[in-house]
Protein chains: 4
Amino acid sequence: MKTKKVAIVGASGYSGEELVKLLLHHPHAELVAVTSRQSAGQTLAQVFPKFASHPKSKGLRFVEPNAELLARQADVVFLALPHGVAAEYAVPLIAAGCVVIDLSADFRLKSAEIYKDFYAHEHPAPELLKKAVYGLPEVYRAEIKQSLLIASPGCYPTSILLPTIPLLKARLVKSAGIIADSLSGVSGAGRKAELDYLFVECNESVRPYGIPKHRHLSEIEQELSFAAGAPVTIQFTPHLIPVNRGILTTLYLTPASATLDQLTACYQAAYANEPFVRLLEGKALPDTKNVVGTNVIEIAWRLDPRTGRLVVMSAEDNLVKGASGQAVQSMNLMCGFPETAGLM
Amino acid sequence: MKTKKVAIVGASGYSGEELVKLLLHHPHAELVAVTSRQSAGQTLAQVFPKFASHPKSKGLRFVEPNAELLARQADVVFLALPHGVAAEYAVPLIAAGCVVIDLSADFRLKSAEIYKDFYAHEHPAPELLKKAVYGLPEVYRAEIKQSLLIASPGCYPTSILLPTIPLLKARLVKSAGIIADSLSGVSGAGRKAELDYLFVECNESVRPYGIPKHRHLSEIEQELSFAAGAPVTIQFTPHLIPVNRGILTTLYLTPASATLDQLTACYQAAYANEPFVRLLEGKALPDTKNVVGTNVIEIAWRLDPRTGRLVVMSAEDNLVKGASGQAVQSMNLMCGFPETAGLM
Amino acid sequence: MKTKKVAIVGASGYSGEELVKLLLHHPHAELVAVTSRQSAGQTLAQVFPKFASHPKSKGLRFVEPNAELLARQADVVFLALPHGVAAEYAVPLIAAGCVVIDLSADFRLKSAEIYKDFYAHEHPAPELLKKAVYGLPEVYRAEIKQSLLIASPGCYPTSILLPTIPLLKARLVKSAGIIADSLSGVSGAGRKAELDYLFVECNESVRPYGIPKHRHLSEIEQELSFAAGAPVTIQFTPHLIPVNRGILTTLYLTPASATLDQLTACYQAAYANEPFVRLLEGKALPDTKNVVGTNVIEIAWRLDPRTGRLVVMSAEDNLVKGASGQAVQSMNLMCGFPETAGLM
Amino acid sequence: MKTKKVAIVGASGYSGEELVKLLLHHPHAELVAVTSRQSAGQTLAQVFPKFASHPKSKGLRFVEPNAELLARQADVVFLALPHGVAAEYAVPLIAAGCVVIDLSADFRLKSAEIYKDFYAHEHPAPELLKKAVYGLPEVYRAEIKQSLLIASPGCYPTSILLPTIPLLKARLVKSAGIIADSLSGVSGAGRKAELDYLFVECNESVRPYGIPKHRHLSEIEQELSFAAGAPVTIQFTPHLIPVNRGILTTLYLTPASATLDQLTACYQAAYANEPFVRLLEGKALPDTKNVVGTNVIEIAWRLDPRTGRLVVMSAEDNLVKGASGQAVQSMNLMCGFPETAGLM
């Protein structure tokens, strides 16, 4: 299988670091460039001591991002940049024929108006929105294989969409009244020097935030609406908890006169053969410690006989299935590699 | 003010330890006895090195629990025992004229049938259920002052009831469809040598448990039903998170055509003068680190214009307002001490 | 007892916050002013939600620091400022007749030259060095009572000096070859928005730092030299560990032909009656969780028959006995209050 | 390369779990059996949900340990059992021709007397002590390749021996007066349901333990003595810190008139080509977060001009380089696989 040359733009954050790790060990990818404004000039080994034992870590040096240069060096470019900035690089890279996998929110929405409503600025490249595919392989596998621009989903959306979409598509749950209560590890906030994310401020602390209109709601509701075939508005409450990694989401859904057997059958039909979705059996419930460091999402569900409500719970690593692992999964599909290459 | 002699039965668990701490520093209480089967014979200083600097810690020795002896020594007896066991001591102590404050679930339910349904054994002393007052001072202050037997509420119930009861009483929210999503520190599981609560199993882990029929649901629904004047059934999902102390509860409620101003006014009428309820203003949201070590519960609320739903969040220390602090607050009321004595 | 009016300059850091907490609850102190450049204009309740239930928290507002104004408002002023800055305020406040308790390093050294060597700038007020008393009450109680300017010790020095000074004074250990290996919680680094102290960078991490010439060595060696009656140079290795609070120091000392009984007798003579020093007996070893939130330092010692070396271990809360609690202890001595007032 | 069939005896502890993980992904090993008394009958997926996505996890079932059966199934057997018990299995397995890699202390000492002194019971198979090779590949690579019985080193010994042995062999440091101060994550205590290792007892806690005569001292001093060519007695202080994994050791050594350049040259000669030893350059200091999950040990050293002492610091993952990874490294050598197979 032919190796692809890959580059990471914005490689000094937590998602970028995880991409570096995955790509350094990927059997069919060769990491040829890493960019970072603040780390330019330093080697991989200097910026990330944990990679210093890898043979490439001393030769590979961070550079200032330059789209023209990247287009010449790499077949595939990952963008791990803030929203608004990613589009600046995506436009020339796509034009130059690169495959682009963007981890920001820039190409996740189909509507430039909704983007503006949630992100508070004009969309920087609305003409690309139609070309982009939402990079959730379990939902858009065929489209991803054909695409040159992937909008890789955020960590909260992945934890909510994968458990909900099959049920909505099968009309087994109502599209109204959905609640998603999510708990995220602190790496979800990024590697930012802000008081709120200091050890002392997060340790022995739990807190909700971003209520009631978190930015990720826009892509979550877009994708749920596609699945339901009708507009969906959900309640979403993110919380910050003192772990490095992991998202645990608890979903409250209303069955549309579905039985537990039907719900279980629906999940099995959707995911029994998916390599990165683990449907929990028996009494098992999700636990982030069972997925951290992997590209797996765990899902369990309970139909409560007392309330008639369906409670679905998922656990994932926000930096892997919720970010960089999922992006590599898309790369595998786009490049014709085995979907699990470098991810097992 | 006359000092009362107090004893703690079952003082070697986490609630017991917190009671010891509060009572050693209480201006009107004299701790005269602590019991514990496994620690009998040892001094307070030996069992709890952190109290070793207190003058009483070397003289006070744990003894085997003996109701007759306790009745002679103490005016007030706190029971920090497993459910089912607490009643064994409550019966003779009440008979002997002691004030009893029970931190177990034994006297929280008005119905012995519901007790049996949730706790899976016959109620050990059904005749006392009518005498017991549910020890939530913000709701039952008058009754607590008149009572000799307090059923002090559990940690999850306190975090759910205080934010919900005023709204239900004022008919500002519907009694149907209530969801409580709670996150608890590990001390809530008690000082038990079980693999599930080892450091390595809890650290870097988040997990739901006890779904969908947690035992505390019985007292939560009883008290919500009293407030609503009609039977209430709720959805309750507890999660374990890696902090020592603290409960963060997120409640999803449906307003009964109430405005935000009405909801805010209702909370202010109920709690503005309560010393241990902190209504958060402006953009502030609850954070367990702001209440740990105190008897305070923080409450914030948001009316979501997108969904029409009311999201209420609370934070408390599960061992203080959720257990021992609240029990001392009841003692203060029963004994005619200032309600905040030893708790500020 | 006459209440003193107290002010805190630089009250928005972790030491400042702990001072606020202690002084709000002090029976003989009235907190009249808190200053902070970044928080000026906000109330105590806004900056520290955890104090919002205190009656003073809504009336007391942070102001820009102004020595002249402070001198008019307060009898006692605590300086919780960076080194170099504290002296700017100490000079006019002392001139205006205030009692000053400085938590920075500015007045801890007797020699302006050594200050310059370790802190890399000229001492800002060398004329005050002679007036200042090193605020370690267990060592300098008499001097503190007579002083108007206290240089309150740092957290590492306290954890090293209290276990070592009595042995050096009694000549029971050699002054050469002393090693101090210390582990500190992250609050020791201050409330600073730096990447190194983010939750994700500290959690699941342990690391040495500041080797081999940490700034605190200057005051440690000064005080050890006074105790030994000869110059002492020590080896000191600080480590950062993922706890909010607490310092655990392990000291390696060489007995000067002392027996275990002599060493134990020395500690008992020095500290048996000290309210804030807890000498551990039997098999007990220090544990930060037994001192966090208190002004107590725990000390244990073992004479190793295999090596002949003496291993001494201490535990303290770096923000209480290692900073603000100790400063309040000095205030109590200076103002004629009971030494333990507000600290038990 | 011919695949070897491997079995793990005692696979339900933390070292066993890590062995399972490494061997499931090893390119030249086939995991054919896992034993555990308490988990017998359950599948790998049931006992370790985190491995449930591996194709073998549902077919492989824990069985009661049976040496005869294991000898028929496996070419290589790892023993992850308590000391004293491991020997029971090693004797028949060796007799049956298996390669045995023992992670307990049973075969680490050359002297049955010293074993008895430190482990308080007669050595169960003294005749095997001569056949066993101490499984530290960087020191005994040639011997490991020839051996059928490996005594894989403990986590503390590895963190102390690798930084010290080259210096002792080169006579660059004195063999007297060595101090090792170690900090260990809680997984080092094993998966044991004991109160001391509960989350609440370990979180926000740091404590020394096992002072002054920890069992691991016996193997540490044996190996240091071999390196020095003379008996070595050291001071060793282990501490428990609240991380899941990782050991940070700080060593205090006395140079034998060696310069920093000589010390650096010695380390480079010993380890520059070792795949699992990372010598830190420049200002970098070890941090457990840079080695957790890897088989790497980080080493840094500082010659203190003030004291003349050499301070050496190391960091490793106690379950990988300190246990299971190192055991797999030995397997690779014994079986003729690339030394890094399954470990990079």
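In chain B, the side chains of B:E64 and B:R37 form a salt bridge with an N to O distance of 3.4 Å, the term standing for a side-chain nitrogen of Lys or Arg within 4 Å of a carboxyl oxygen of Asp or Glu. This pair links distant parts of the chain, 27 residues apart: B:E64 sits in the loop between β3 (62-63) and α3 (67-73) of chain B, and B:R37 in the loop between β2 (29-35) and α2 (44-47) of chain B. Elements carry numbers from the N terminus and are DSSP runs, with helices being H or I of at least four residues and strands being E of at least two. Over all chains, the rule gives 69 salt bridges.

The model is predicted, so local features need pLDDT of at least 70 and side-chain atom pairs count only at pLDDT 80 or more, whereas totals for chains, interfaces and linings use all residues. Residues are numbered from 1 along each chain as its sequence is written, chains are lettered from A and ligands numbered from 1 in the order in which they are written, and side-chain values use heavy atoms, with hydrogens and water left out.

We turn next to the pairing of chains C and D.

How many residues of chain C are in contact with chain D? There are 46, facing 46 residues of chain D, where contact means heavy atoms within 4.5 Å. The size of an interface is often given as the accessible area lost when the parts come together. For chains C and D the buried area is about 3,800 Å², with 57% of it on carbon and sulfur atoms; this is the accessible area (1.4 Å probe) lost by two parts on being put together, summed over both. Within chain C, the residues that lose the most area to chain D are C:E204, C:V206 and C:R306, which together account for 19% of what that side buries.

Charged and polar pairs also span this interface. Between chains C and D there are 6 salt bridges, and the side chains of C:R306 and D:E221 meet in a salt bridge of 2.3 Å, N to O. The residue pairs in polar contact number 24, both members at pLDDT 80 or more. A polar contact is a pair of N or O atoms within 3.5 Å; within protein, one must be able to donate a hydrogen and the other to accept it, and residues adjacent in sequence count only if both atoms are side-chain atoms. Among the elements giving two or more residues to the side of chain C that touches chain D are β8 (179-184), α9 (217-228) and β14 (310-316) of chain C. The largest share, 4 residues, comes from β8(C). By class, this side has 23 nonpolar, 10 polar and 13 charged residues, with Ala, Val, Leu, Ile, Met, Phe, Trp, Tyr, Cys and Pro taken as nonpolar, Asp, Glu, Lys and Arg as charged, and the others, Gly among them, as polar.

The pairing of chains C and B can be described likewise. The rule finds 0 salt bridges here, while 8 residue pairs are in polar contact.
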